[in-house]
Amino acid sequence: MKVVLLAHTPDPEQTIAASARLCYSDTDIESLRESISLERAKGLVQMLDGYGHESPVEHVTFTFGIEGVSRSFLAQITRHRIASFSVQSQRYVRQENFVYITPPAIESEPELLKIYEASMQSVVENYNRLADALEAKYIPEFLAQGFSEKIARNRAEKKAIEDARYILPNACETKMIVTMNIRSLRNFFRLRCCNRAQWEIRAVANEMFRLCYQVSPILFQNVGPSCICGNCTEGKMTCGKAQEVREKFKKMRGELQSEQE
């Protein structure tokens with residue numbers, strides 16, 4: 001798994017502060033923004049957070065590059081609909097030697113790992129067998145339509161892997177670029193940094209949180225799983241480790257602040 005912060009809104013606190021003050025000011029936007037110092041902006045952001053007023057934070061976005069994750073992860077993260085996703089296509093990118101993600105519980109057991117790896121190898125072989133056979137089937141069809149041999153082969157390959165991909169497993173590795181605004185990120189961290197979240201998306205969420213906190217401790221000071229700011233919201237499904245989770249995030253914030261000093 002690899003998560004990198006590719007971009008974010010510059011001076012996020014000042015952008016949020018200007019957005020909030022604009023609602024109650026007749027000053028032009030540029031002058032309004034320039035009149036807000038960083039310290040004043042941070043104070044206003046904290047005040048907004050205390051009021052639960054979140055619409056101004058939607059003007060700030062963070063963009064991440066995520067690699068080394070599974071298609072299973074993709075199915076989960078795209079449930080967060082207020083976000084933008086660009087994902088490596090299995091329709092246009094041939095997966096002849098695809099990388100696959102192995103769950104830790106399987107990786108730690110030699111016998112289970114042996115079964116898992118044998119299964120993945122079987123998929124690789126069958127995928128290539130299907131892709132090659134379909135390509136051979138489609139080439140004459142495109143040639144008959146009057147395409148040159150080069151174009152016919154290119155189109156046949158694309159059409160072949162479009163169908164062959166149906167055999168690929170959830171374990172297949174994918175890459176993506178994801179953009180979320182802060183309001184969506186806070187919701188994402190509340191749900192996916194939780195101990196009850198699936199291990200892969202929890203690992204990604206924790207790393208995304210770490211990168212966000214480095215940019216703006218103020219905006220993410222009370223962010224994390226639901227038990228960070230109050231009681232656990234999982235009800236009977238709680239992990240029962242709320243205090244342990246609080247200590248974990250407290251320690252993480254302390255370490256990140258020390259790195260910045």
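The lining of the largest pocket divides into five nonpolar, five polar and five charged residues. The model is predicted: local features need pLDDT of at least 70, side-chain atom pairs count only at pLDDT 80 or more, and totals for chains, interfaces and linings use all residues. Residues are numbered from 1 along each chain as its sequence is written, and side-chain values use heavy atoms, with hydrogens and water left out.

**Strands**

- Strands here are DSSP runs of E with at least two residues, and helices are runs of H or I with at least four, numbered from the N terminus.
- Strand S2 (residues 61-70) is largely enclosed by the rest of the structure, because seven of its ten residues are buried (under 20% relative accessible area; exposed is over 50% and partly exposed in between, with a 1.4 Å probe and protein chains only).
- S2 pairs with strand S1 (residues 2-8) in the antiparallel sense over six bridges, where pairing needs at least two DSSP bridges between two strands.
- S2 also pairs in the antiparallel sense with strand S4 (residues 173-181), over eight bridges.
- Ala7 stands opposite Thr63 in S2, and Ile66 stands opposite Met176 in S4.

**Aromatic rings**

- Rings of Phe, Tyr and Trp (its six-membered ring) pair if their centres lie within 6.5 Å; planes under 30 degrees apart count as stacked, over 60 as edge-to-face and the rest as tilted.
- The count comes to ten aromatic pairs.
- Tyr100 and Tyr116 form an edge-to-face pair, because their ring centres are 5.9 Å apart and their planes are at 65°.
- Tyr100 is partly exposed at 25% relative accessibility, whereas Tyr116 is buried at 13%.

Methods:
Ala, Val, Leu, Ile, Met, Phe, Trp, Tyr, Cys and Pro count as nonpolar, Asp, Glu, Lys and Arg as charged, and the others, Gly among them, as polar.
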